[in-house]
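Below is a short report on one protein model.

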Amino acid sequence: TVDDPNLRARYRQSLQHDAVFRARRAAAPPTAAGGGPTREVHDAEHETALPGRLVRSEGGNPSSDDAINEAYDGTGATWTMFSECFGRDSVDGAGLPLISTVHYDRDYANAFWDGAQMVFGDGDGVIFRGFTGSIDVTGHELTHGVTQYTANLVYEGQSGALNESISDVFGSLAKQHHLGQSSADADWLIGAGIFQPGVQGVALRSLAAPGTAYDDPRLGRDPQPSHMSSYLETTDDNGGVHLNSGIPNHAFYLVATALGGNAYEAPGQIWYATITSGSLPESAGFADFARATQSAAETLYGPTSPELTAVTTAWQQVGVLP
Ligand code: ASN
Ligand code: ZN
């Protein structure tokens, strides 16, 4: 969710479909019968060995530990959104068990998908609270798994910023779907409530207004651009994957608010069709992605549809299409 050099290296490695990943998949328990998720929550007990001690399985009783229940519920809400909105059964589309580890390390202020499972820290107690509390953060990380199995966008530069943006978009949709919110009602934030009291900020990122999520002396100001004119050329953060993601994030927000209704309907369908089309290059840039969303909108809703118009207008507004 937030930038961390060690995690970035790890995440890139995770995208290589390495032997460890294949072995873990092979060892994973079978899909639950009856059309639901298969969840497991483990406790790292403040160490870094994964997955840690199994503390809650699918259908098991709630724990007295909120982090365990939040991971269970957040992965469940994300599974339900992908199932009900897109007919997708889990991260791989084939019922992959959703494995989470909570209480990872000490003072660990992040969450991540390691290529095979979710990992959540408890926060540092100063700036960040625990990372299990926001459905959109959990949805963000699980969507990295969905992207890994679909468009597999290379985690660097524009394709990396698209990878990040897709996680923010479907993370926000998981929360909106869980709460039954329309585009007009949604907060369009990633990680609302993740900051400790006293931090000047509302969330990690905003799709409605990239660059406005926080402005705190200890964190600096939210650096996300919302238009190509402010595109950040940098070698940090794999070429600004968590920064320039503000541009496609804002395009999705503009499509959703132009069309109204629920963002997991037409806007989400267009974005989902784009990442699952099989024709988007893994190294796609913003303009490639924009044209692919136009194709998806035309296929789904027709060449004279308001959906296609909203998509074209949004990409023009953020400066990606002329
Ligand atoms: N939470 C971060 C993310 O999902 C972890 C990382 O891979 N940098 O982007
Ligand atoms: Zn991410």
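UniProt, in an unreviewed entry, places the feature "domain: Peptidase M4 C-terminal" at residues 151-320. UniProt positions follow the numbering used here, feature names are shortened, and annotations may be inferred rather than shown by experiment. Residues 151-320 are 47% helix and 5% strand. The end C-alpha atoms of that span are 20 Å apart. Helices (H or I, at least four residues) and strands (E, at least two) are DSSP runs, numbered from the N terminus.

This is a predicted model: local features need pLDDT of at least 70, side-chain atom pairs count only at pLDDT 80 or more, and totals for chains, interfaces and linings use all residues. Residues are numbered from 1 along each chain as its sequence is written, while chains are lettered from A and ligands numbered from 1 in the order in which they are written.

UniProt also lists "domain: Peptidase M4" at residues 41-148, again from an unreviewed entry. This span is 32% helix and 18% strand. Its end C-alpha atoms lie 21 Å apart.

## How the domains meet

The domain assignment gives domain 1 (5-149) and domain 2 (157-317). Such bounds come from an automatic or database domain assignment. The centres of the two domains, taken over C-alpha atoms, are separated by 22 Å.

Contact involves 22 residues of domain 1 and 27 residues of domain 2. Two residues are in contact if their C-beta atoms, placed from the backbone, lie within 7 Å. On the domain 1 side, α3 (66-86) and α4 (135-149) are the elements that give two or more residues. α4 gives the most, with nine residues. By class, this side of domain 1 has 11 nonpolar, eight polar and three charged residues. Ala, Val, Leu, Ile, Met, Phe, Trp, Tyr, Cys and Pro count as nonpolar, Asp, Glu, Lys and Arg as charged, and the others, Gly among them, as polar.

## α3 against α5

The axes of α3 and helix α5 (residues 157-179) come within 9 Å and cross at roughly 85°. Axes are lines fitted to C-alpha atoms, for helices over the stretch in contact, and angles run from 0 to 180 degrees between N-to-C directions. That makes α3 roughly perpendicular to α5. Angles of 65 to 115 degrees count as roughly perpendicular, under 35 as roughly parallel, over 145 as roughly antiparallel and the rest as oblique.

A77, T78, M81 and C85 of α3 meet L173, A174, H177 and H178 of α5. These residues divide into five nonpolar, three polar and no charged.

Helix α8 (residues 266-276) and helix α9 (residues 286-301) have axes that come within 8 Å and cross at roughly 115°. On the α8 side, the contact is made by A266, Q269, I270, W271, A273 and T274. The α9 side supplies F289, A292, T293, A296, A297, L300 and Y301. This contact has 10 nonpolar, three polar and no charged residues.

The axes of α9 and helix α10 (residues 306-317) also come within 8 Å, crossing at roughly 170°. α9 and α10 are therefore roughly antiparallel. A290, T293, Q294, A297, E298 and Y301 in α9 meet E307, L308, V311, T312 and W315 in α10. By class, six are nonpolar, three polar and two charged.

## Backbone details in a loop

Most residues other than glycine have a negative phi, and most peptide bonds are trans. Which bond joins L50 and P51? A cis peptide bond, with omega about 5°. P51 sits in the loop between β1 (39-43) and β2 (53-57).

H46 is found in the loop between β1 and β2. H46 has a positive phi of about 70°, although it is not a glycine.
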